[in-house]
Amino acid sequence: MQLRHLIEYYLTAGMLGIFRHLPKPMVFGIFEGFGCLMYHLLRARTRLTINNIGIVFPKMSMRERKALARNCYRNLSESMAFNTLMTCGRYTNEELLNMVEVQGWENYEEAIRNTDCLLYTSPSPRDKQFHL
């Protein structure tokens, strides 16, 4: 195994070990701070994000584009925190099931019967509602 892989492995294992013992809100806060830091430090990536938003939403002002870009980084940070906590086993199956509300399951079952393929999507943990 290459030295780089060993370093990455032990850094990841160490971070998971730390996050396993911290309160959940603190883990989310750490990741949110990390996302904010990356928004400001990764200037080329941030500019690319803002430019791409401008292509998709040409009528959006620069201020609105920057706000949306910050929200993108925040959303990614929150997803990373949530996934880290799941990896650490910090959520029980019951907690995870309680985060999901299913409406219109019959539509899903009908789609399975009537098609050869389906597109599955997943919301971020911050989303309050998600419709297919």
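Is Arg4 buried or exposed, and what is its relative accessibility? Select Arg4 to begin: its relative accessibility is 52%, so Arg4 counts as exposed, where exposed means over 50% relative accessible area, buried means under 20%, and partly exposed lies in between (1.4 Å probe, protein chains only). The model is a predicted one, in which local features need pLDDT of at least 70 and side-chain atom pairs count only at pLDDT 80 or more, while totals for chains, interfaces and linings use all residues. Residues are numbered from 1 along each chain as its sequence is written, and side-chain values use heavy atoms, with hydrogens and water left out.

Glu8 counts as partly exposed because its relative accessibility is 38%.

The structure holds three salt bridges, and another is found by selecting Lys24 with Glu95, whose closest N and O atoms are 3.3 Å apart. Lys24 lies in helix H2 and Glu95 in helix H5, so this pair ties together parts that are 71 residues apart in sequence. Glu95 has a relative accessible area of 32% and is therefore partly exposed.

Next, select Arg74 and Glu32, whose side chains meet in a salt bridge of 3.7 Å, N to O. This pair links distant parts of the chain, with Arg74 in helix H4 and Glu32 in helix H2, 42 residues apart. Arg74 is partly exposed at a relative accessible area of 29%, and Glu32 counts as partly exposed at 43% relative accessibility.

Now show the whole of H4, which has 26 residues and reaches 37 Å from its first C-alpha to its last, close to the 38 Å expected at 1.5 Å a residue; the expected span is 1.5 Å times one less than the number of residues. The buried residues of H4 include Arg65, Tyr73, Glu78, Phe82 and Leu85, and what covers the buried residues of this helix includes H1, H2, H3 (43–56) and H5.

From there, select the largest nonpolar core, whose nine residues are Phe19, Leu22, Val27, Phe31, Ala81, Phe82, Leu85, Cys88 and Tyr91. Such a core is a set of buried Ala, Val, Leu, Ile, Met, Phe, Trp, Tyr and Cys residues joined through side-chain atoms within 4.5 Å. The elements that give two or more residues to this core are H2 (24–41) and H4 (62–87), and H4 gives the most, with three residues. A second, separate core of six residues includes Met38, Tyr39, Ile50 and Ile53.

Arg90 is placed in the loop between H4 and H5, and its C-alpha atom is separated by 9.3 Å from that of Phe19, 71 residues apart along the chain. The side chain of Arg90 reaches the backbone oxygen of Phe19 at 2.8 Å. Leaving aside neighbours within four places in sequence, the contacts of Arg90 (heavy atoms within 4.5 Å) include Phe19, Pro23, Lys24 and Glu95.

Definitions and conventions
Helix = DSSP H or I, 4+ residues; strand = E, 2+ residues; numbered from the N terminus. Polar contact = N/O pair within 3.5 Å; in protein donor to acceptor, adjacent residues only side chain to side chain. Salt bridge = Lys/Arg side-chain N within 4 Å of Asp/Glu carboxyl O.
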